[in-house]
Amino acid sequence: MILIVDDKPENIFSLKKTLEIHNFKVDSALSGEDALKKILKNTYSLIILDVQMPGMDGFEVAETISGYSKSKDIPIIFLSAVNTEKRFITKGYASGGIDYVTKPVDPDIFILKVKTLHRLYEQTRELNEAQLALRAEIEFRKQAQAELRERVQELRTILESIPQIAFTAKSDGIIEFVNQHWFDYSSSENEFPASHPDDPSVEKEWKKTLRSGGSLQLEVRIKKLNEDRYRCHLLRVSPVKESNEIVKWVGTFTDIEEQKQAEKRKDEFLSIASHELKTPLTSIKAYMQLLERSFEDNAARTGETGKYLERTQLQIEKLHSLIADLLDVSKIESGKLKFNKKLFEFEPLLENSIDIIRQTNKDISIIRKGSANVQVYGDEIRLEQVLLNYLTNAIKYSPDSTEVHIESHITQDHHLFVHVRDFGVGISGDKKANVFKKFYRVEETSHRFQGLGIGLYICSEIIKRHNGTYGVESTPGEGSVFYFSIPVIPNE
Ligand code: ADP
């Protein structure tokens, strides 16, 4: 909008008309004071200022405007009878956007000057805006860079203070930082510590991880430059992502040698203890059988002595199966769990397992669904062990329920699926993944039910060794479904 300042309304009128013909929007003021008020309130792109006005004259108005930051850049066209005071005005108003029109006004020259100065104003305004945006952008980038530097520094300080070997790498895998511990194991920051000749190469595994974009977890033996003995380390590398893009990698090597040694000692103890326990137990079992046979008298067998004998035998059986499980665990650990595989019919095995469970759990009804009329190549006794374990657990962990369902079906791709469903205590989400791990027991329920936490671990190993899969679905308070699948022989 253009502001015309003149004390004579007729002058304003004619200038306004001229400007409006050229599509300019026009505002007007009849005195210098009035003009200043309007300038403070509104935004103008050009001011046309009559020099000679009663009260504040045009020069004074221009000088005052030049003092306001809001208006100092607005171009001015002075209207005067003569233009001798030009020097004086220029001093007062330094915006550069100044021109003069002498009265009487020639409309063509007037419009030409208005257009030029108006364009100048628009250009200056655009330039100022672009400059402001650019400054803001520079400021933003500077701040972001400073923040990034600070974060990187913070990360490095943390990585220096931890007891692990630590490093960070750029998104393309080039190592950019290693902490002091690194140099105990490698002479160059560009080279990973060398792993034991029998272990996977860290460099190769790292390259694979880079290609996959996932994270890496690897147990490797590495040694200090000045030592001969290798120590087991857990290498963990994870990508750092921003807006789903990998921007960095962070990795650590944690010394787990002590842990490994302790695990080894525990496994050795387990193996020795279970072997040592098995020998006397086998003798006890044999003597018990002799004792039972020595009772010629049937009355004694059914009396008190017979009752105690039966209970003792039951407890011996329990002890026997506990020790057998412990032995199995140590055999799995040492890779000595043997499988005696042959071709057999699965259905009778399944029926037989259910019968065994029915005989010892008379209060529970085991409901059978589906069929398992297929041939399987596997170890019958070991697979029975899995079935008995699933069924025993289903009953054990359902103290208030009287039903267990067992369902089997054969898939198109020649797999036998067996599901054992109970309506018992169930398992919460985060615990489900762990129940097949060695010695794992769900903490909330472990005090209510006896066990060692190895049954499912042995089952998982047996199923794996039959190229099968296993798992559990469960809702706490409602029950669980434990399942496994194994390949079957197609009947052609
Ligand atoms: P154990 O029963 O001797 O503890 P398992 O290896 O058979 O060992 O089972 C591991 C853990 O899994 C159990 O301690 C229990 O917490 C949980 N679990 C197994 N079966 C069930 C089930 N049917 N319902 C609920 N929890 C179960």
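## Reading the model

Residues are numbered from 1 along each chain as its sequence is written. Because the model is predicted, local features need pLDDT of at least 70 and side-chain atom pairs count only at pLDDT 80 or more, while totals for chains, interfaces and linings use all residues; side-chain values use heavy atoms, leaving out hydrogens and water.

## The nonpolar cores

A nonpolar core is a set of buried Ala, Val, Leu, Ile, Met, Phe, Trp, Tyr and Cys residues joined through side-chain atoms within 4.5 Å. Buried means under 20% relative accessible area, with a 1.4 Å probe and protein chains only. The largest such core holds 45 residues, and Phe346, Tyr390, Ile406 and Phe484 have the most contacts inside it. Elements giving two or more residues to this core include α10 (304–333), α12 (380–396) and β17 (479–487); helices (H or I, at least four residues) and strands (E, at least two) are DSSP runs, numbered from the N terminus. Helix α12 gives the largest share, seven residues. Domain 3 (260–334) and domain 4 (342–490) both contribute residues, so this core lies between them; the domain bounds come from an automatic or database assignment.

Contact means heavy atoms within 4.5 Å. Beyond its neighbours within four places in sequence, Phe346 is in contact with residues including Leu383, Leu387, Phe484 and Ile486. A second, separate core has 22 residues, among them Val5, Leu49, Val61 and Ile74.

Asp50 counts as buried, at 1% relative accessibility. An unreviewed UniProt entry annotates Asp50 as "modified residue: 4-aspartylphosphate"; such annotations may be inferred rather than shown by experiment, and their positions follow the numbering used here, with shortened feature names. Leaving out residues up to four places away in sequence, Asp50 touches Val5, Asp6, Asp7, Gly58, Leu79 and Lys103.

Asp27 sits in strand β2 (residues 26–29) and is also buried, with a relative accessible area of 16%. Its side chain makes polar contacts with those of Lys38, at 3.1 Å, and Tyr44, at 2.6 Å. A polar contact is a pair of N or O atoms within 3.5 Å; within protein, one must be able to donate a hydrogen and the other to accept it, and residues adjacent in sequence count only if both atoms are side-chain atoms.

## Around the ligand

Of the 22 residues around the ligand, Asn393, Tyr397, Asp422, Arg441 and Leu456 come nearest; a residue is near if one of its heavy atoms lies within 4 Å. A side-chain N or O atom of Asn393 is 2.8 Å from a ligand oxygen, and a polar side-chain atom of Asp422 is 2.8 Å from a ligand nitrogen.

Notes:
Buried means under 20% relative accessible area, exposed over 50%, partly exposed in between (1.4 Å probe, protein chains only).
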